[in-house]
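Let's take a walk through a protein model together. Have the sequence and the 3D view ready, and look things up as we go.

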Amino acid sequence: MAIAENYEDVLKGKYPARTHAKKVAKWIIEKGGDEKGTIYLEAQKLKLNEDNDGEAPFRQRRYFFYLSGCELPDSYLTYEIASDKLTLFIPPVEPDEVIWSGLPMSVEEAKAKYDIDECKTTNDVASHIASSSESAQSTIYAIPEQISDHITFLSYKNKDLKELKPAIEYCRVTKSDYEIALIRKANVISTNAHVNVMKAAAKAKNECELEAVFLKSCVERNAKNQAYHSIVAAGENGATLHYVNNAASIADQNLLLLDAGCEVDCYASDITRTFPIKGSFTEESLAIYNIVLDMQKQCIDALKADVVWDSIHELAHKIAIQGLLKLGILRGDAEEMFKARTSVAFFPHGLGHYLGMDTHDTGGNANYADKDNMFRYLRVRGTLPARSVITVEPGIYFCRFIIEPYLKNEEQKKFIDEKVLEKYWSVGGVRIEDNILVTEEGSENLTPTPKEVDDIVKLVKSG
């Protein structure tokens, strides 16, 4: 059985907060940290909208959640490394608040729900830190700008505000069975929503309608939060990589690019599908779709633990060059084009990124100052460890703003046939994105969303 394939059974257990705390502590100690130290984290605070008494949308701090599994706002935690003790502090009962919001989670309920040793109320957090038996000779680890004004670390010999954040970011790259199960569940829910959009597309009058179909499909399955703002782009709007207007009318455009994914218990899905709105590709859009699908399949097939992601990104470009050469959009020697980075005009972004609690998850070691434009926007650099989850999302786009400077460049324009290119502007953009679990032997695709030509055409026409 694949890792965490039976995600519902896995999710009957508790979020592995203690395992994560041990993992983070091990990283700190291996970097020369204090074996008797204490980790301190705070949840996000509830905030009001500016000039309004309504609550602003709440999003839990991911660093706090990683060591707690707790989505309650205004909470705190400590992890005492030497004694392996994880303590959670949650808001107490406030009678005036109960009138409006009902009873909050109790200390007893929290201890039963979360993978912790002890639970207290937030009234006790300051005294707990001040009275720690290890504090006089040890180090407190915390994150700058995430320490409340009433919290002091005066009882500790040392205060380290540098190591905890990178420690958690590094540890988040490799996933536990529970985390993989959450991502798998988010993918299943998002897949249902993608399918529903495909079925609704032919009758839609604008992009807003299709965004609403996606949101409804997620919310009714209790996935009320989106991992990111959806991209619902018809026709040439698909050439804008992070198009978020989602309000244009749908008339005679051929393709819809839908990049959307829900979130389940703070874990993201990130799925892109491109399909013909009325159920029939044009000759040009089908040709581009098949190139992108080939790019994605070959790149996924090349994945396994310790592979260099930069080289997989290069593979995607080489496949794109071969495909565009066959169509006549590109002309000349493939190797020369690769060295000249001509394909970046059509595939300007990175092949993918780590996925977890954030859509663009931590630990990627990106280098946005890279002078090589093929790698400048590659969000992950270096080798991929087993149990990391990464998106594979190649694309080919016909964006005038990006391509036209290449047509004016003496070194680049010789590789591009403008007359052939003219037929492809209306395609807009094609992107296909799946969430891939890296394993020792290869990889596992966590995204069951249909993407074969016959399957997506059949779904669109079934609506």
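Before we start, here's a term for later: two strands count as paired if DSSP finds at least two bridges between them. Also keep in mind that what you're looking at is a predicted model.

Now try finding Ile-436, which stands opposite Asn-445 in β17.

Let's move to another pair. Strand β9 (residues 255–260) is joined to β12 by six bridges, and these two run antiparallel. One example to look up is Leu-257, whose bridge partner in β12 is Thr-274. Is β12 enclosed or open? Six of the six residues of β12 (residues 271–276) are buried, so this strand is largely enclosed by the rest of the structure. Ile-271, Arg-273 and Phe-275 point one way, while Thr-272, Thr-274 and Pro-276 point the other way, and all of them are buried.

In soluble globular proteins, nonpolar side chains tend to be buried together. The largest core here has 130 residues, and Ile-288, Phe-346 and Phe-398 touch the most other members. Helix α8 (residues 177–200) gives the most to this core, namely 11 residues. Both domain 1 (17–172) and domain 2 (177–461) give residues to the core, so it lies between them. Leaving out residues up to four places away in sequence, Phe-346 touches several others, including Leu-324, Tyr-397, Phe-398 and Leu-421. Apart from this core lies another one, of 10 residues, among them Tyr-76, Val-125, Ala-142 and Phe-153.

Finally, how do the two domains meet? Their centres, taken over C-alpha atoms, are 37 Å apart. Nine residues of domain 1 are in contact with 10 residues of domain 2. Between them the domains bury about 940 Å², with 48% of that on carbon and sulfur atoms. On the domain 1 side, Arg-62, Phe-65 and Arg-172 lose the most area to domain 2, together 57% of what that side buries.

Notes
Residues are numbered from 1 along each chain as its sequence is written. This is a predicted model: local features need pLDDT of at least 70, side-chain atom pairs count only at pLDDT 80 or more; totals for chains, interfaces and linings use all residues. Side-chain values use heavy atoms; hydrogens and water are left out. A nonpolar core is a set of buried Ala, Val, Leu, Ile, Met, Phe, Trp, Tyr and Cys residues joined through side-chain atoms within 4.5 Å. Buried means under 20% relative accessible area, exposed over 50%, partly exposed in between (1.4 Å probe, protein chains only). Helices (H or I, at least four residues) and strands (E, at least two) are DSSP runs, numbered from the N terminus. Domain bounds come from an automatic or database domain assignment. Contact means heavy atoms within 4.5 Å. Buried area is the accessible area (1.4 Å probe) that two parts lose on being put together, summed over both.
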